[in-house]
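Subject: Structure for your review

Dear colleague,

Please find below the structure that I am handing over to you. My notes on what was found in it follow.

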Amino acid sequence: QHRLYGSITNADIAEALSQKLQTQVDKHLVDLEEPLKHLGTSKVPIHIAPHLNPEVTVTLEKEE
């Protein structure tokens, strides 16, 4: 796996979701245990409401 120079945080994921969904997603709803630092695919839970925790798939790819 390739290591990133930076990392992807819950705030980055919330911002991307907000743009995709065209509604504000609070970064505190994104349950990321630690920042993503490697290329690849990760499942990240989003806490929308009690007992409602869908996962989003985050894929980090090398830019070409």
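What percentage of the 64 residues of the chain count as buried? The value is 20%. Please bear in mind that this is a predicted model.

I begin with the overall layout. The chain contains 1 helix and 4 strands, and its elements follow the order β-α-β-β-β from the N terminus on. Along the principal axes, the C-alpha atoms fill a box of roughly 35 × 20 × 15 Å. The accessible surface of the chain is about 5,300 Å², and carbon and sulfur atoms account for 49% of that surface.

The largest nonpolar core has 12 residues, among them Ile13, Ala14, Leu17, Val25 and Val58. Two elements, helix H1 (10–21) and strand S4 (55–60), each give two or more residues to this core. The largest share, 3 residues, comes from H1. Leaving aside residues up to four places away in sequence, Val25 touches Ala14, Leu17 and Ser18.

Finally, the largest pocket. Its volume is about 180 Å³. It is lined by 13 residues, of which Leu32, Glu33, Glu34, Pro35 and Leu36 are the closest to its centre. Strand S2 (36–38) and strand S3 (40–45) are the elements that give two or more residues to the lining, and S3 provides the largest share, with 4 residues. By type, the lining of this pocket consists of 5 nonpolar, 2 polar and 6 charged residues.

Yours sincerely,
A colleague

Terms used:
Residues are numbered from 1 along each chain as its sequence is written. This is a predicted model: local features need pLDDT of at least 70, side-chain atom pairs count only at pLDDT 80 or more; totals for chains, interfaces and linings use all residues. Side-chain values use heavy atoms; hydrogens and water are left out. A nonpolar core is a set of buried Ala, Val, Leu, Ile, Met, Phe, Trp, Tyr and Cys residues joined through side-chain atoms within 4.5 Å. Buried means under 20% relative accessible area, exposed over 50%, partly exposed in between (1.4 Å probe, protein chains only). Contact means heavy atoms within 4.5 Å. On a 1 Å grid over the protein atoms alone, a cavity is a set of points where a 1.4 Å probe fits but cannot get out, and a pocket is an open set with protein on both sides within 12 Å along at least five of seven lines; lining residues have an atom within 4 Å of a point. Grid points are joined across faces, edges and corners, and a volume is the space filled by probe spheres set on the points. Ala, Val, Leu, Ile, Met, Phe, Trp, Tyr, Cys and Pro count as nonpolar, Asp, Glu, Lys and Arg as charged, and the others, Gly among them, as polar. Accessible areas come from the Shrake-Rupley method with a 1.4 Å probe; for residues, only the protein chains shown count as cover.
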